[in-house]
Amino acid sequence: MALAYKISHLSTKTPGFAELRFSQAQNPVHLSLRNINVKCLAMSINGCGGDPNLPLGLCEIKTLPAVSAPSLAVDELRSAISELKSNPPELSSGVIRLEVPIEQQVDAVGWLYAQHVLPRCFFSGRSENARSYFFPNGISRQCPNGTPPNLLRVSGVGSAVFFQQFHPFTLDDWRCIKRFLSKECPLIRAYGALRFDASTDISSEWEGFGSFYFVIPQVELNEFEGASVLASTIAWDNSLLWTWENAVSSLEATVHQISSNVRLEKDFTRAKLISQVHMPTKTSWDAAVKKALDMIKKQSSGMVKVVLARSTRVVPSTDIDPVALLACLQDEGQNAYQFCLQPPAAPAFIGNTPEQLFHRRYLDISSEALAGTRARGRSESLDLQIEEELLKSSKDHLEFTIVRESIRRKLEVLCDQVIIEPKKAIRKLPRVQHLYAQFSGRLRNEDDEFGILSSLHPSPAVCGLPAEEARTFIAETEMFDRGMYAGPVGWFGGGESEFAVGIRSALVKKGLGMIVYAGAGIVEGTDPSSEWEELELKASQFIKLIEQEQPLSCYNQNGTISGSDRPSVLSGFTE
């Protein structure tokens, strides 16, 4: 059947890169070109165009024989795809995942660095959460006594199916994503992010993300403890005019571009910062904080906290590679999530966020409150002194209590029981330390997942309280588009999902430099200059990495010195 498409969008904003969008029956297809050569044949379906109540005809995993190296895994995938192509399923819709266990641990960031296919994504859960992840049956058969390893990191390229709209994320949008997921295929996941505030206008740098953007990768590398899996996913739906033949041809084009190289270059030169431009400036920041404090003092406003943010456009002397910067963030990423999301013809949104929005596995759910910030000390004794000051600070206690109690109330609406333990403690990161509390609960219904996402975002930690008053104040006061900064970033799965809060993040693209985002909570007693210093501290993990400076503290949580060198954001790892 011939498909009649019309060009609905042509973007050539980025030099040397063109993006075409074809539309037919509300089914956009993306084609991305760099110069004259195809950079990424990102033809796929927008799953949001489907019937959210119509299940797919098939959801299946096929585990292939284990191999010893990534190059052999690519060969296995090509053979399996060829075999599937000659024996197509007779169903009109479905999703099939092919996975090849690799008998070695392949670095997911190194693998992603070697790929030149868009879209691309990366997600790394915090180390203490690794044990809760699902794993493919094929992996456990390769392990002693059948003991499954922990899933550490996932890198993906290409789009088996993506989900994007320019309106706020709705229940039907969530159901459209869940159509392509299954408890029987737990590692088929949709990775993505949502805007902080979908009611505001989208600026040019965030245009490629829409109000939300999720993708099920065509090819992905799952890094486990001591093992790996190279997988490919085929998704088709005739009702969306994306047939099996379309899906297989698109996957073949992507697999043809997959590289088995997983090493990052090691020779580099230090970058110099040509310019840094803050929005707002220090003067405008002071005025905005004063305006917020005046509003908080007015009892009639009802607002008790608002989080104001700053964007910093950084222009370095050398192009920044977003995946190399992501590799650097891993070294900074103790007790934090690392993520990368880059749609076609868009910058990469990367981050190293310490804050969990929620983690759901079936009915069990966890969340946390995070507020109050101090730098790490240069010695163990100074670090403990700063920790004690944070614990005793009345301003930080107020800010933290507002966040904790708001999350507790929201969870209690959807859970039978909510436990808070610890109620107030310190979470230490390489450059900063925070007050935090941990929540656990049990949902009454798994379908409450959408309700949890909608209820917990935006939290008082990134917006304020009451949320609507704070969000309105932010929209009227801030002079830039937050985009996905401070929004939910993570993944949906069949029986499990996990989202972090997209703070400590930046937009990065070669030739465009980097935009770094940071925020600070404003409550009664806030000092504008102190909060500006907090912004500098939070943004420093990106700025200092470019300049290859060590964190403020060289101490781990146990007090021992961590003497690892920083990898280069320009060209990769150092020994």
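## Basis of the model

Because the model is predicted, local features need pLDDT of at least 70 and side-chain atom pairs count only at pLDDT 80 or more, while totals for chains, interfaces and linings use all residues. Residues are numbered from 1 along each chain as its sequence is written, and side-chain values use heavy atoms, with hydrogens and water left out.

## Salt bridges

Side chains of opposite charge can pair when their charged atoms come close. The structure holds 30 salt bridges, the term being used for a side-chain nitrogen of Lys or Arg within 4 Å of a carboxyl oxygen of Asp or Glu. Among them is a network that links Lys 305, Lys 395, Glu 399 and Glu 531.

## A pair between distant parts of the chain

Glu 252 and Lys 85 are joined through their side chains by a salt bridge, with 3.1 Å from N to O. This pair links distant parts of the chain, since Glu 252 belongs to helix H5 (residues 244–256) and Lys 85 to helix H1 (residues 70–86), 167 residues apart. Helices (H or I, at least four residues) and strands (E, at least two) are DSSP runs, numbered from the N terminus.

Glu 252 has a relative accessible area of 30% and is partly exposed, and Lys 85, with 43%, is also partly exposed. In these terms, buried means under 20% relative accessible area, exposed means over 50%, and partly exposed lies in between, using a 1.4 Å probe and protein chains only.

Arg 175 and Asp 172 form a salt bridge between their side chains, at 3.7 Å from N to O. Both residues lie in helix H4 (residues 171–179), where they are three residues apart, or about one turn of the helix. Arg 175 is partly exposed at 33% relative accessibility, and Asp 172 is partly exposed at 39%.

## A buried pair

The side chains of Asp 383 and Arg 376 meet in a salt bridge of 2.8 Å, taken from N to O. Asp 383 counts as buried, with 5% relative accessibility, and Arg 376 is buried with a relative accessible area of 5%.

## A buried serine

When neighbours within four places in sequence are left aside, the residues in contact with Ser 367 include Gln 356, Leu 357, Phe 358, Ile 407 and Leu 411, where contact means heavy atoms within 4.5 Å. Ala 437, Gln 438, Phe 439 and Leu 456 are also in contact with Ser 367.
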